[in-house]
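Work through the exercises below with the coordinates open. Each task is followed by a stepwise solution.

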Amino acid sequence: MTEIKQYTRKDFVSDQEVKWCAGCGDFSILASIQNTLPEIGVKKENLVFVSGIGCSSRFPYYVDTYGFHGIHGRAAAIASGVKLANPELSVWIMSGDGDSMAIGGNHFIHILRRNLDVNYILFNNQIYGLTKGQYSPTTPLGQKTKTSPFGTIEHPFKPGELAMGAEGTFFARAVDTNPKEMKEIFIEAAKHKGASLVEVLQNCVIFNNNTHKEITDKVTRADNQIYIKHGEKMLFGKDKEKGLVLEGLKIKSVTIGEDGYTMDDILVHDAKAEDNTMAFLLARMSLPELPVAVGVIRAYKTHTYNDLMELQISDVQGKSKIKNMTDLINSGNTFEL
Amino acid sequence: MATNNKKIEVERIVIKFAGDSGDGMQLSGTQFSDVAAILGNDLATFPDFPSEIRAPQGTIAGVSGFQVHIGHADINTSGDMADVLVALNPAALEYNLKHVKPGGTIVLDSDSFNAKAFKKAKLTTNRLEDGSLDGFIVVEAPVTTQCRLTLKETGLDSKTIDKTRNQFITGLLAYMFNRDIKLSEDFITSKFAKKPSIADANIKILRAGYNFADTIEVLSTTYIVLPNENKSGKYRNIMGNTATAWGLMAAAEKSGLNFFLGSYPITPATEILAELSKHKSLNIKTFQAEDEIAGINSAIGAAYAGNLAVTTTSGPGLSLKSEALGLACITELPLVIVNVMRGGPSTGLPTKTEQTDLLQSLWGRNGEAPIPVIAASSPADCFDYAYAATKMAVEHMTPVILHTDSYLGNGSGLWKIPNMDDMPSITPKIAKANADYLPFERDENFVRTWAWPGTEGNEHRVGGLEKLDGKGSVSHDPENHALMTTLRAAKIDKIADSYPAQHVYGDQEGDLLIVGWGSSHGVLYDAFSEVKENSDAKIGFTNFNYIFPLPNDTADIFKKYKRILVCELNSGQFANHLRYSLPEFDYEKYNKIEAQPFMVSELKDKFNEILEAK
């Protein structure tokens, strides 16, 4: 293996002016990615950022790597081709809730199901920003937007639930207000062999300001967020005085020392479990009953689509008598006239 | 072999096999044509099957057919009317009777002509008794009974036994065409290599059919089709869809590029995906995507990453891929889109043939998005045009649409096996590492350089937004957009400089130029040749494979004729394209919109009508 140059953040800053609105959560995600890339041991020329359409999908222009700004909803499909064409590449999909949950919903579930080895960053601001404020598939029920002046009448998706339904092997959640955690989570996503989905709760300052405020606000976040880590107790609250327990098929939030709950009752996070039932329960936790989970919720290691494809090719190559086109076109029934 | 019959040498003969889907008619047809090839005959085949896998048994909707045209003469089509019709049930006879030549031979399973079968086929009359078959030579063979009797001792169940009926017919035809029965036996042995008991049963039935024909007196005449002497060398019988797959693979090998197919199953293109997926040993990567859109977008991603990328589809799928075609156009990435045309619009007639996607392929995109369009013209030359499409795509950094159709894709013909060393070179322009790379810097043909991820120092971004000339950053500048639009068009126009000369058969100037495109080459050629032989008029025929851009010599050809007749299987799409591209000429049209190939006879009538009217 050749030595990989020690990169810094600057190596990944492109010469393009970043054109997001002042105060957009995307800036923080961009900085976190640029801080992540020097630490994942991948050569700069092996990085490819692929996106669809939307504010977040402008991302590839701002990272000085290979990049492909695709069409609406199709980032996952384009990225699949990039990865399969050259499995050595580290492929990053940058997409929003409209791009991935609506027009690109089909590609979203299938790339997770196949477990292609890519990193998928889903910017969830619960609104269409680039088209100026229409509701998206993740907009809360009843919210008034440009296209729902009397409130939406659609039940929203939770991306994590979809990911579990699609048998995704990696799901994490981060918030745009915590770059340090975001970077830790991105590094975990990069390390995972398989489709790594990271949902970033991101604020759209213009069209959906403060949509995640309850979760991210400095005052409430200790009680409303739980940062879970593999092998550790699921604790939250300002003094880690609260925790999660499982009762029947439900997760319950408890205070240690109250109602007879002790530290021993608190769940220990197993992100690596093959069964995704617990990950599903964690991914769907929502306010006000339960804190919202951030961190790596699931990281189950299994074979990837791209590895199996390469394996099948080398396996067949070892067995087949057909070594080139000349062999093939002269094989089977041929006739001398 | 019987001695009491008379043997006649024939130049060419058309045989139609027809029965229920499931009766093995496709297999019998393939077997008959493979043996013809071994005997040195030229040939063309065309299956005609319902879109349902198992339409209700015995109904007319469930009739599956396979037509074979073999000859001592050169064979350019699968034939008009059948000289011999094999009909395994009343529905098959009913559906095909009008396609049998007067005086032709009809071989049928007389056991299947009963009240129950008439009811299934919704027939009110028995064709065997109502005089409909007067003027034909009718061979009534009790096929079902004979098969059951022959295999009585084997212990096979009657369902399995009935499945051997097609071999009884094959045996009968082997006698009728004076063929060595051993060749048909070899076919069975190899087909059922893993099921020796089934192979034995089929061979018994094959011989029973042969012996039956030898015994009955109705076959007073048998036929001999001598080998074709115009063709020499090593050949194989190849289906168009297979030839397309192989042409793409051959181009990958020649260019040294890794191959990627992103595709989604669709009739009648699926066989290309299936064929390519067999060839892992040649490092062929196939990705069966979740939909047509993912098929083309994954291929675009693979093209960006440096693979020879292909997507395959049929009309409805091409519609779904439209937006992504624009993306391939503006990112100027090489991509081959194979469109196996079928009857439309919408789901239309999925298993039938038409040339109705031409205007969609030329114009079916938002913005100004010129994409070269080429078309194959025989099952065998699908190989050549798939190869040509690939060469064009990678050497000119553009998506290319290759049209074949159901007739070519499912039809077969003899293909002369090429020497791979003789195939033209394919030379992509690939950026070397640290090349001070500018994504939209162009050469003298307006072609940009391809830089692959993984190459140091050439990091760059492409995408669907308009890009600045040269540097390739996002640009909304009005003058730059005008320049880029012009450059993209100029790049495509320039491709015509690389074409071979457009070939004109017959008179190089004169009264009438017959014009076709793509798959009607063979049938137009036969009709043209026959009319020309019996006419004093000066007639030429030219068939276009390069549709857009048109060959540079098109106008020079057209101006040498008084009249131009454009024949196509649609309402006049190529004629419209010619009117738009070369408005200085008058174009007459001859169109067929029955989702069936042209017949030589109808074309001859039309040509003669025009020549007489002058």
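The model is predicted.

**Exercise 1.** Find how the axes of helix α4 (residues 143–150) and helix α6 (residues 165–176) of chain B are oriented to each other, and which residues meet.

Solution.
- Step 1. The two axes come within 9 Å and cross at roughly 105°.
- Step 2. Angles of 65 to 115 degrees count as roughly perpendicular. α4(B) and α6(B) are therefore roughly perpendicular to each other.
- Step 3. From α4(B) come B:Val143, B:Thr144, B:Gln146 and B:Cys147; α6(B) supplies B:Arg165, B:Phe168 and B:Ile169.
- Step 4. Sorted by class, this contact has four nonpolar, two polar and one charged residues.

**Exercise 2.** Check the length of helix α21 (residues 600–613) of chain B, then locate its buried residues.

Solution.
- Step 1. The helix has 14 residues, so at 1.5 Å a residue it should span 20 Å. Its end C-alpha atoms are 20 Å apart, which agrees.
- Step 2. B:Val600, B:Leu603 and B:Phe607 are buried.
- Step 3. Down the axis of α21(B), the buried residues fall within an arc of 70°, so they line one face.
- Step 4. Residues three or four places apart point the same way, because an α-helix has 3.6 residues a turn.
- Step 5. The face turned away carries exposed B:Ser601, B:Glu609, B:Glu612 and B:Ala613.
- Step 6. Cover for the buried residues includes β19 (510–517), α18 (521–533) and β22 (561–568) of chain B.

**Exercise 3.** Is B:Lys491 buried or exposed?

Solution.
- Step 1. B:Lys491 sits in helix α17 (residues 478–494) of chain B.
- Step 2. The cut-off for buried is 20 or more other C-beta atoms within 10 Å. B:Lys491 has 21, so it is buried.
- Step 3. Beyond four places in sequence, its contacts are B:His396, B:Thr398, B:Asn445, B:Phe446 and B:Val447.

Methods
Residues numbered from 1 in each chain as written. Chains lettered and ligands numbered in written order. Predicted model: local features only at pLDDT ≥ 70, side-chain atom pairs only at ≥ 80, totals over all residues. Helix = DSSP H or I, 4+ residues; strand = E, 2+ residues; numbered from the N terminus. Expected span 1.5 Å × (residues − 1). Buried ≥ 20, exposed ≤ 12 C-beta atoms within 10 Å, placed from the backbone. Arc of directions from axis to C-beta. Contact = placed C-beta atoms within 7 Å. Axes fitted to C-alpha atoms, helices over the stretch in contact; angles between N-to-C directions. Parallel < 35°, antiparallel > 145°, perpendicular 65-115°, else oblique. Nonpolar A, V, L, I, M, F, W, Y, C, P; charged D, E, K, R; others polar.
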